[in-house]
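These are my notebook entries on one protein structure. I wrote down each thing I looked up, in the order I looked it up.

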Amino acid sequence: MADVLDHIPSFGDLRVDDTQVSAFEAARSELAGTLDIPLEEIELGAVVRLDRGFPMIATRSGVLLRAEHAVDFAKGKPGKRGKRSKRAADAEVASSAGVDGMLPSVGDVVAVRVTSGHDMGVILRVLPRRTSFERWRGKNRGERQVLAANVDVIFIVQPLGAERDTLPLMRDRVARSLVLARDCGADPVVVLTKVDRCEPAEVADVCGALRRLAGAGVRVIATSSLTGEGLDEVRSCIPQGSVGMILGESGAGKSTLLNTLLGSEALETNAVRERDDAGRHTTVARIMVALPEPCGVIADCPGLRSLPLVGHERGLARSFPEIVEASRACRFNDCTHLHEPGCAVREGVECGEIEQSRLDAFLSLAREMRVSAQSLDPDIRL
């Protein structure tokens, strides 16, 4: 089995925009001036692996190293006063210099201190994110988990050929994944895996149904890691210089798909249970891999069993723009688009301008978000 570290991207494989470079230069000058850190020790880097240990950073100078941040950084608390080691002092710098309490996620661009003679760096600051793919962490305190930062494409992976993966269930997963992808500003691509387990007519029916649900401009690609079907189309969605992320449940075939795109067995895979075709968590780290040229970089994340939607109204509007636009012409401002007279959305469905499956998904997700918002602490502002 190949070593996944052989496919870790270099800093040059990732896209860093002008805003992030400017923020780094400003932070570098500030840190050097106020905290007496030598300028040459502050480097621009990117988080390319995140697991239970220390984040792995690829720096602009070509160094690949692990980096740390103190518990104080994670909790947003100031460090204790008194005699401190150099490592503790650097940790306090990280605590005081983090932007808006942001902890680094895979894909983040960071300012990192790299000191000669030390085998680890210290993350000093997380720089502004171009995009941020987040999901609700649960509870009622407004907490979100950032799964990946600065991604351009979200591959929504759904497996075919299992009894439990019914079309209604796939529609729900795809619809809520679309909302999350659009909310963060990334382009969604629906990737169906394991199509070799199905008859061509069944694959065509599922592809057609998901294309109608996803709407214009969203690719739906049928793939097979066994036969190679659809893989070139997937590669075309992630050109060199772009960053993608794979999103799907355990057992969806994400790691197998990535291994096939890489051309080596770099990522561990597990067989699914025969009784329900469910998978176990194979990916325990969030890790980025560089695909062979002329493709870009993909982040592989652990499988997600649920994708709750809380405060993603922006993503909902971006995913179903024709419904939002039509609703402005409804007779009643609080129209539910179910039974009211003068509903422009229902009229759009009847005349074929709005797909019924898209309206069903829109209403279901909007209802879920309203209920979720009502259960939040009243002090939360989404």
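Predicted model: local features only at pLDDT ≥ 70, side-chain atom pairs only at ≥ 80, totals over all residues.

Entry 1. Helix against helix.

Two packed helices are described by the angle between their axes and by the distance between the axes.

I looked up α4 and α11. The crossing of α4 past α11 is right-handed. On the α4 side the contact is made by A175, R176 and V179, and on the α11 side by A361, L365 and E368.

Next I looked up α4 and helix α5, which spans residues 200-214. The angle for α4 and α5 is about 35 degrees, and their axes are 10 Å apart. α4 passes α5 in a right-handed crossing. From α4 the residues in contact are L167, M170, R171, V174, A175 and L178. They meet V206, A209, L210, L213 and A214 of α5. By class, the contact of α4 with α5 has 10 nonpolar residues, one charged and no polar. I note that A175 is listed in the contact with α11 and also in the contact with α5.

Entry 2. Salt bridges.

How many salt bridges does a search of the whole structure find? I have 16 written down. I looked at some of them one by one.

D172 and R176 form a salt bridge, with N to O at 3.2 Å. Both residues are in helix α4, residues 167-184. They are four residues apart, which means a separation of about one helical turn. D172 is partly exposed, at 30% relative accessibility. R176 has a relative accessible area of 12%, and under 20% counts as buried, so R176 is buried. R176 is also one of the α4 residues in the contact with α11.

D183 and R314 form another salt bridge, and their closest N and O atoms are 3.2 Å apart. This pair links distant parts of the chain, as D183 is in helix α4 and R314 is in helix α8, residues 313-319. The two are 131 residues apart. Is D183 buried or exposed? D183 is buried, with a relative accessible area of 12%. R314 is partly exposed, at 49%.

The side chains of R358 and E322 also meet in a salt bridge, at 2.6 Å from N to O. R358 lies in helix α11, residues 356-374, and E322 lies in helix α9, so this bridge ties together parts that are 36 residues apart in sequence. R358 is buried, at 6% relative accessibility. E322 is partly exposed, with a relative accessible area of 24%. I also found a network: R15, R130 and D152 are joined by salt bridges that share partners.

Entry 3. Backbone in the loops.

I went through the loops for backbone angles. Which bond joins E293 and P294? The bond is a cis peptide bond, with omega at about 10 degrees. P294 sits in the loop between β12 (286-290) and β13 (297-300).

D36 is not a glycine, but its phi is positive, near 55 degrees. D36 is in the loop between α1 (18-35) and β1 (42-50). With a relative accessible area of 67%, D36 is exposed.

H337 is not a glycine either, and has a positive phi of about 65 degrees. The place of H337 is the loop between α9 (321-327) and α10 (344-350). H337 counts as buried, at 8% relative accessibility.

Last, I looked up T223. T223 is in the loop between β10 (219-222) and α6 (231-236). What is the relative accessible area of T223? The value is 0%, so T223 is buried. Leaving out residues up to four places away in sequence, I listed what T223 touches: V191, L192, T193, K194, V195, E229, G230, L231, V234 and L257.

Key. Residues numbered from 1 in each chain as written. Heavy atoms only, no water. Buried < 20%, exposed > 50% of the residue type's maximum accessible area, 1.4 Å probe, protein only. Salt bridge = Lys/Arg side-chain N within 4 Å of Asp/Glu carboxyl O. Left-handed = near helix turned anticlockwise from the far one by under 90°. Contact = heavy atoms within 4.5 Å. Axes fitted to C-alpha atoms, helices over the stretch in contact; angles between N-to-C directions. Nonpolar A, V, L, I, M, F, W, Y, C, P; charged D, E, K, R; others polar.
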